[in-house]
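Welcome, and thanks for having the viewer ready. Let's walk through the model together, one selection at a time.

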Amino acid sequence: MTCVPTRTNRLSRITRTAPRSGFQRPHSPPPTGGGRFRIAGADLSASIAVFLIALPLSLGIALATGAPLQAGLVAAAVGGIVVGRLGGAPLQVSGPAAGLTVVTAELIHTYGWRTTCAITVLAGLTQLGLAALRVARSALAVSPAIVHGMLAGIGVTIALAQLHIVLGGTPQSSAIANVQGLPAQLADLHPVALSISGLTIVLLLLWPRIPGRTGKAVRKVPAALAAVAAATTVAAVAGLSLPRVDLPSWRSHALPSMPEGPVLGLIAAVLTVTLVASVESLLSAVAVDRLAAARKVPDVRIPRARLDRELAGQGCANAVSGALGGLPVTGVAVRSAANVAAGAVSRNSTILHGVWVVLAALVLVPVLDLIPLAALAALVMVVGIQMVNITHMRSVRRNRELLVYVVTMTAVVLTGVLEGVAVGIAVSVGVALHRLSKTRITDEETESGHRVRVRGQLTFLAVPRLSRVLSHVPHGTHCTVELDGSFMDHAAHEALHDWQTSHVAHGGTVEFTGRSGRRIAEPASETHTCCRPWTPWRNHHCGEHPVEPLPANGHQLASGLSSFQRNTAPIVRDELARLAREGQRPSQLFLTCSDSRLVTSMITSSGPGDLFTVRNVGNLVPLPGEESADDSVAAAIEYAIEVLRVDSITVCGHSGCGAMQALLTNGPDTPQTPLRRWLRHGLPSLRRMASTQHPWARISGRLPADAVEQLCLTNVVQQLEHLRAHECVARRLAEGTLQLHGMYFHVGEAQAYLLADTGADDRVEDRFDRVTPTVQKASA
């Protein structure tokens, strides 16, 4: 896979001193002026669509929690405006969510509404602390089976509670009590409430399925709004007598008070709200990223979610919402998906939807007071049932985690959210340990000796059985150990190595193979660590191993080709054959230096067909139209842009660049050789470094080591400017279908740096941020 440069956080300008080389330059003055706030038409229409969905859902969720109905509107407005402005997922819509309904209802029942608002404020501050610690990614380590099981359990609890209101009664305090009270409720039905609820449910289910042109036209109105509006209209026209929404005056709106209750209970409540809100928001942000990336229209590139910033935005929103007497806020998948589907192109759609909620809460109170509570209860009940997602169940079953899903869902329904999640985590750990220990080890005698087969992961849990089986292999015999697993821990490695050493010492032989029978490397001893898989690139020969003889012609290149044909070609032949049939489809143009130490496929972890690579001395991009311009670079850029349709262009410089050293030492009397004439394209970089109009390019966390490194960094920035001068590049940038990235590779440290995304603010200096290794969770 290719290494795609990522966007990094914008940081404020930092005062610095001169590099160690002694050359200095003052900071450039910050430019004046600022950009104007503009709203795209797509954002305006998307905000209205999301508002029409959010309004009835916010009221329904407030009803389901037992909070004042205005609290749902406050949370929706704060989630839209605060998270929309400060969050890290531009298209995610935040507000009151069904995932926190059970938690909030329990808090209100235990501590009262004003203390619940204070708990929401404290949960927001806790989220801000977690964001400062940059732990957002760790929330994604929770098994999806646990998260989906938690949401399903919450959905079942919501549906059971709202069913009582749908039938015309009052919900009980727990899911078990609601189930026990259901027979009595069915015996005492209220036909009016049931009819309005039934109408709401029918419209909710049938509205997206209306066929033909009529269906296409009416589906522009969200199903939730259509169902609640129709039920309200029928109830008002028929003069039905049933409970309705009652929004009190904002003057009597309840605000938080100092938390009252046992300290441990309050701490547990804060942690529960923090955990559920954070995990649901971050998972929703990742899902929105996928939806936005898969969207074809409009063709606008949306930045990937910055999860730590999103967590900070959610924390600010919860602190503000709680302080204003609102419900807890999370990222909401339903509203976010509607925002993406409606064609939103920036965070302005989310902010505007919050503004519309504020206006509705101030202006539409008489209209909202007409809504029957039975209609809102039916809406929330359907949402709760939909949280038990069949697709999620199929996915966890396919990954053999259905037990974790079912146990988590059941525990949430019976005990509560925090306890249910804890039970789910315990079961998930137990299942993982069971899989690690479920390793089959067999021994059979063959004509050539003994064959020991190991099926499954080889961990310390399987070491006793492995040692017992290996001890039965007679001394002096040949033994083939067949390893069929993707993981072997250190304990198992040591056990195999110790047994191999002992078996060989007693006159036996050992061969390690995979399941296919192909011979694989045996467990290496600690004394043979000087060779690495890339040693041929280093022209290196280990004195402890025999050197492979050169071919008859004695040519080193022929030796490398022979090694490729023997070892690598069989592995890549199918992929290269596919590329030969389909043609090249690289994702980016990679422009770097000709330096032999830069192995582009190694530092980008790319393979055949991934990169369209252009190399020249100094990774230079001549400006178009210059008298001494080199058309070969311009031709490669044009071919990559117009024919290959690459998505991005990366200019990669490196430490110790000989071209930059030559630029610094060139004098007016230097003979004009072809190399010197070529290096004239690097003179703008030299002038940029010496200019007071541009801030220095620098490496995040330290100063450039010397003038050469300073010029190497500046040269990357300058060549990106040259790229923008090419007509085909400028056109694609204007269309939003191309990205430019800068990269610096420090050869001695084997460390890559990416040019930080500074947006349109020229006051932020060009900064190269270190690329840190990440560990991704492997799929089952």
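## First stop: a helix pair

Select helix 6 and helix 20, and you will see a right-handed crossing where helix 6 passes helix 20. A word before going further: this is a predicted model. Helix 6 spans residues 144-166 and helix 20 spans residues 417-437; their axes come within 10 Å and cross at roughly 145 degrees. To look into the contact, show side chains for Ile146, Met150 and Ile154 of helix 6, which meet Val417, Val421, Gly424, Ile425 and Ser428 of helix 20. Colour these residues by type and you get 6 nonpolar, 2 polar and no charged.

Now move to the 4 strands that form an open sheet, in the order 3-4-5-6 and with mixed pairing. Which strands stand at the edges? They are strand 3 and strand 6 (509-513); each has a single partner strand, so one side of each is left without a neighbour in the sheet. Turn the view to look along the sheet: on average, and ignoring direction, neighbouring strands are turned by 15 degrees against each other.

Select residues 440-446 for strand 3 and residues 449-455 for strand 4: the two run antiparallel and are joined by 7 bridges. The hairpin from strand 3 to strand 4 goes through 2 residues. Pick Glu445 and you will find His450 of strand 4 opposite.

Strand 5, residues 478-484, runs parallel to strand 6, with 5 bridges joining them. Here Glu482 has Thr513 of strand 6 standing opposite.

Helix 21, residues 463-471, lies across strand 3 and strand 4, and runs at about 10 degrees to strand 3.

Select Ser94, which sits in strand 1 (residues 94-95). Is Ser94 buried or exposed? Ser94 counts as buried, because its relative accessibility is 0%. Draw a distance from its side chain to that of Gln314 and you have a polar contact of 2.8 Å. Leaving aside residues up to four places away in sequence, the residues that Ser94 touches include Ala76, Gly79, Gly80 and Val83, as well as Glu310, Val329, Thr330 and His353.

Follow the chain just past helix 14 to Gly343, which takes a positive phi of about 95 degrees.

## Last stop: a loop residue

Finally, select Ser587 in the loop between helix 23 (556-582) and strand 7 (588-593). With a relative accessible area of 26%, Ser587 is partly exposed.

Definitions and conventions: Residues are numbered from 1 along each chain as its sequence is written. This is a predicted model: local features need pLDDT of at least 70, side-chain atom pairs count only at pLDDT 80 or more; totals for chains, interfaces and linings use all residues. Side-chain values use heavy atoms; hydrogens and water are left out. Two strands pair if DSSP finds at least two bridges between them. Axes are lines fitted to C-alpha atoms, for helices over the stretch in contact, and angles run from 0 to 180 degrees between N-to-C directions. Contact means heavy atoms within 4.5 Å. Buried means under 20% relative accessible area, exposed over 50%, partly exposed in between (1.4 Å probe, protein chains only). A polar contact is a pair of N or O atoms within 3.5 Å; within protein, one must be able to donate a hydrogen and the other to accept it, and residues adjacent in sequence count only if both atoms are side-chain atoms. A crossing is left-handed if the near helix is turned anticlockwise from the far one by less than a right angle, and right-handed if clockwise. Ala, Val, Leu, Ile, Met, Phe, Trp, Tyr, Cys and Pro count as nonpolar, Asp, Glu, Lys and Arg as charged, and the others, Gly among them, as polar.
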